[in-house]
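Biologist: I'm new to this one. Can you put it up and walk me through it?

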Amino acid sequence: MTDNIILKSVGGFYYVKSGDEIVECKAKGKFRNLSLSPVAGDVVDIEKDGTTAVISKIHPRKNKFLRPPFANLDLLVMIVSTVDPAPNFLVIDKMCAIARHKNVQVAMVITKTDLAASEQISRIYSRAGFPVFFTGRDDSRRLSALKELMKGKLCAFSGNSGVGKSTLLNKLFPGLNLATGDISKKLGRGRHTTRQVEIFQTDVCMVADTPGFSSVELDDDNHISKEDLPHAFIEFEKFPYRRERLPYKTGSGRRGNTFVQIRKLHSVVSKTKKYKGMAVMRKRCVVIGSVEPDIEIKNYISPGDFVICADRGWIHAKNQGIQPDMIVGDFDSSPRPMAEEADVVVLPVVKDDTDTYHIARYIVENNFTDALFCCVLGGKRIEHTLANIQTLLFLAQNRINATMIDSRSSLIAVSDGQITLPDMPGKYFSVLSLGESAKGVSISGAKYPLDNYDMKNNYPIGTSNEFDGTDVHISVKKGDILVVITDKD
């Protein structure tokens, strides 16, 4: 093991293992000027500045992760639970691809094998070529082999919140006594017990527990070019013949579908926008719901859109010749699609989130900027439409530009913000409060303007407004509003 390694950072202080002692250090100001921040895992030089120890040099890094902040990793141990929370294969495979792209070895540990079957998860990753280990409440099979793999390396344990990272580390190294937590039944994921990256010295290796994640982005720090992406999938190294067998367009099995999704998520760009002087790539998700379509859906799909079908929506997509990227649902009212249709995510029938709301969470967690929902309005059950409007509000509150449409209407939620509508002859628009009060609502450029009006949800003053030959500007200072655009005839 190397001396002078940063174990953790807290509040601007860095705790450096130097020989047999832990030294509290500050970083020299020159690092700030170089836009360089020390992180856990960095090998550093330290010196005294009066009575204070300071980090004077950061040695060249083998690799670096931004989220969680970590450097010089040798082995990433991905923790996947059989249940509570269920595996998110797209997120897992993204993390594996990022690690391999940074020349980090990856191993998989399947936890909670006493609660649910682990064979499917094991088969996916062992066939791909990853070393796979298992553990459950009373089952520590092959953990000695995992410790042997970790020997002499700088390792990090990573995975979704609640998969049991800290619990597993305590099993492997009982002296750590790391805090553990329960699963939130409401959210279906773990409560964070690890708040920061911290490296621990053990008898066989140095190992880090990391904060749980629910999403991973292929952003600037984790950028993988399209040319390099195949090499970030272990199959292409372990089994070179698969390079030609794995279709790029339709995928082959779960890992194949994930590979295609990552390629598409990474390259989905409809246009760019400026944010604080920087170009930000926009990516849009199109969601097809279960309501019988009254539009030609494919006319609303652009090249590069990521298409998700909610439950019975996959049948509407198939009938209109649309290839979805993902199908999500409990399939209580429709046949379950075959795996070759797309990556299929099966949800429990008894749950808190609707299928559409589950997809909305996915949209937020995967940093989409725009979303279009088709086949989610109307239908036989009005409460589903109302629930979908609540989902639209959730997206607006998370700064997603989302719209729900049918053949006659478009719905847009606005939260503490503004929207501009182009002149649309032959249409009405209405502005309604989605909360008890929407403060400071203003409408300009319309036949019936409003100025800084406090709109209540028990008085529909904003119904049936009209365009007046120019753009209409709608804003709300504080609160949530629903903008509804409908045909006049």
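Modeller: Start with strand S26 (residues 427–433) and strand S31 (residues 480–487), which run antiparallel and are joined by seven bridges. Strands are DSSP runs of E, at least two residues, and helices are runs of H or I, at least four residues, numbered from the N terminus. This is a predicted model, where local features need pLDDT of at least 70 and side-chain atom pairs count only at pLDDT 80 or more, while totals for chains, interfaces and linings use all residues. Residues are numbered from 1 along each chain as its sequence is written, and side-chain values use heavy atoms, leaving out hydrogens and water.

Biologist: What stands opposite phenylalanine 429?

Modeller: Isoleucine 485, in S31.

Biologist: Which sheet are S26 and S31 in?

Modeller: An open sheet of 10 strands with mixed pairing, in the order S21-S20-S19-S18-S22-S23-S24-S31-S26-S29. Two strands pair if DSSP finds at least two bridges between them.

Biologist: Which strands stand at the edges?

Modeller: Strand S21 (343–346) and strand S29 (465–466). Each has a single partner strand, so one side of each has no neighbour in the sheet.

Biologist: Where does helix H10 lie?

Modeller: Helix H10 (residues 355–365) lies across strands S18 (284–288), S19 (306–310), S20 (326–329) and S22 (370–374). H10 runs at about 155 degrees to S19; axes are lines fitted to C-alpha atoms, for helices over the stretch in contact (heavy atoms within 4.5 Å), and angles run from 0 to 180 degrees between N-to-C directions.

Biologist: How many helices and strands does the chain have?

Modeller: 11 helices and 31 strands.

Biologist: New topic. How many residues are in the largest nonpolar core?

Modeller: 72, and Phe70, Met108, Tyr125, Ile363 and Phe373 touch the most other members. Such a core is a set of buried Ala, Val, Leu, Ile, Met, Phe, Trp, Tyr and Cys residues joined through side-chain atoms within 4.5 Å. Buried means under 20% relative accessible area, with a 1.4 Å probe and protein chains only. Helix H2 (residues 89–101) gives the largest share of this core, eight residues. Apart from it lies another core of 21 residues, including Leu75 and Cys155.

Biologist: Is cysteine 205 buried or exposed?

Modeller: Buried, because its relative accessibility is 0%.

How values were computed. Buried < 20%, exposed > 50% of the residue type's maximum accessible area, 1.4 Å probe, protein only.
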